[in-house]
Amino acid sequence: MAFTKAAIIALLCGSAAAFTGPASFLPRAAGRNAMSPLALHMDAALIVQNKGGGHGEIGFHLAKQLRGKGLDVTLLQDATTKFDTPPFRQYGELDNAGVEVVAVDFSSPDAIANAVQNKAYTHVFDNFAKNVDTVSTVATLAKSWGVKNFAYVSSGGMYESKNAQPMTEDGPTKATGQRGVEEYLASQGLPWTSFRPQYIYGPATNKRDYLDWFFDRIVRDRPCPLPGDGQQLASVSRAEDVASMLASVVGREQIAAGKVYNCGTNKFYSYQQICEMVAQTTGKQLAIKTYNPKDFELPKGAFPFRNDAFFVSPYKAQMELGWAPTCDLAQDMAWYYQSYQDAGKMTKAMAFEADDIILSRP
């Protein structure tokens, strides 16, 4: 659903009466009363969702899948979100599915606690926290509820680049905020599980850069500058598959407790292969220029992936959680191309300064 400013203010003030907009935009009370007899028989999930970025669409798809598993679902949404952008402008679909959506000021521990006051949940999915400070309030609440599982959306970007490819969960990691969250959850004695996603695409995506980079150039008959030899493999996963891996902990809580799972597809494609798929889908001629990244000082974002191969293996989740991806980037190319056109990207004016620097050298 799309929230008006008045609706958000009303929610943050904790007063439904303060909102005078259409009743259909007013979220129901968050969660299920802890004293309800239903609390003894039905699982209930709390999703804590960020305002966007590379993980912005996960909560949307996860909420639908958890409802499909029969759970009561409440989604706490960062109140600073731009609700007129995807996937948030499609939250009406969640309302129709019976998901309770509540806008919350995540900078306020009191606001978070008030949003779930007198409620109880069996599962928590945190897709917001980036460090200990931003997870502690929800983690404390989760302990008080005695949750079956606390699933945390971490990041595959924490792995050291020296890892063998594909990277596995036991590889060395950097000291990041997300790694700190994992360590904190373990220290709290929670039945926690961490998922480390990589590059995500899909319907209602909040960040299109990963694949749009290739379409932007190929539909305009521009060469694609690829670092190295272009044979580096990437794990580019569809959002529904990422959400389904998170949802797979339901019913497997004891297996998943205290563990980390890489969250990505098992179908890897090289940078060159992605170029070739886009060219075939658009009917354009493909031109590729490879380069040595060390020969240039390029701005951040010059290329959407790492210069070197950097991709995760989901084998552990497949074996322990019974998870399997249902989508394939190659099969999704036609759909994605249509979404690219629908987004108005075909005619959008673009500059390619970094490309021009690379292409200017023989």
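Visitor: Where does asparagine 50 lie?
Guide: Asparagine 50 lies in the loop between strand E2, residues 44-49, and helix H2, residues 58-68 (helices, H or I of at least four residues, and strands, E of at least two, are DSSP runs numbered from the N terminus). This is a predicted model, in which local features need pLDDT of at least 70 and side-chain atom pairs pLDDT 80 or more, while totals for chains, interfaces and linings use all residues. Residues are numbered from 1 along each chain as its sequence is written, and side-chain values use heavy atoms, without hydrogens or water.

Visitor: Okay, and is asparagine 50 buried or exposed?
Guide: Asparagine 50 counts as buried, because its relative accessible area is 7% (buried is under 20%, exposed over 50% and partly exposed in between, with a 1.4 Å probe and protein chains only).

Visitor: Which residues does asparagine 50 touch?
Guide: Not counting residues up to four places away in sequence, asparagine 50 touches His55, Gly56, Gln77, Asp78, Thr81, Phe88, Asn127 and Phe128, where contact means heavy atoms within 4.5 Å.

Visitor: Let's step back, then: how many helices and strands does the protein have?
Guide: The protein has 13 helices and 15 strands, and 52% of its 362 residues count as buried. Among contacts between residues at least 6 apart in sequence, 82% join residues at least 24 apart.

Visitor: Can you show me a helix residue? Where is isoleucine 274?
Guide: Isoleucine 274 has its place in helix H10, which covers residues 271-282, and it counts as buried because its relative accessible area is 0%.

Visitor: New topic: how many cavities of 30 Å³ or more does the structure hold?
Guide: The structure holds one cavity of 30 Å³ or more, and the largest cavity has a volume of about 40 Å³. On a 1 Å grid over the protein atoms alone, a cavity is a set of points where a 1.4 Å probe fits but cannot get out, a pocket is an open set with protein on both sides within 12 Å along at least five of seven lines, and lining residues have an atom within 4 Å of a point.

Visitor: What lines the largest cavity?
Guide: The lining is made up of Tyr201, Val236, Ser237, Arg238, Asp241, Thr265, Lys267, Cys327, Asp328 and Leu329. Strand E12, residues 236-238, gives the largest share of that lining, three residues. Val236 and Leu329, which are in this lining, are also among the residues that isoleucine 274 touches.

Visitor: How much space lies in the second largest pocket?
Guide: About 380 Å³ of space lies in the second largest pocket (a volume is the space filled by probe spheres set on grid points, which are joined across faces, edges and corners). Of the 20 residues that line this pocket, Trp213, Lys300, Gly301, Ala302 and Phe303 are the closest to its centre.

Visitor: Which helices supply at least two residues of that pocket's lining?
Guide: Helix H7, residues 209-218, and helix H13, residues 353-359, each supply at least two, and H7 gives the largest share, five residues.
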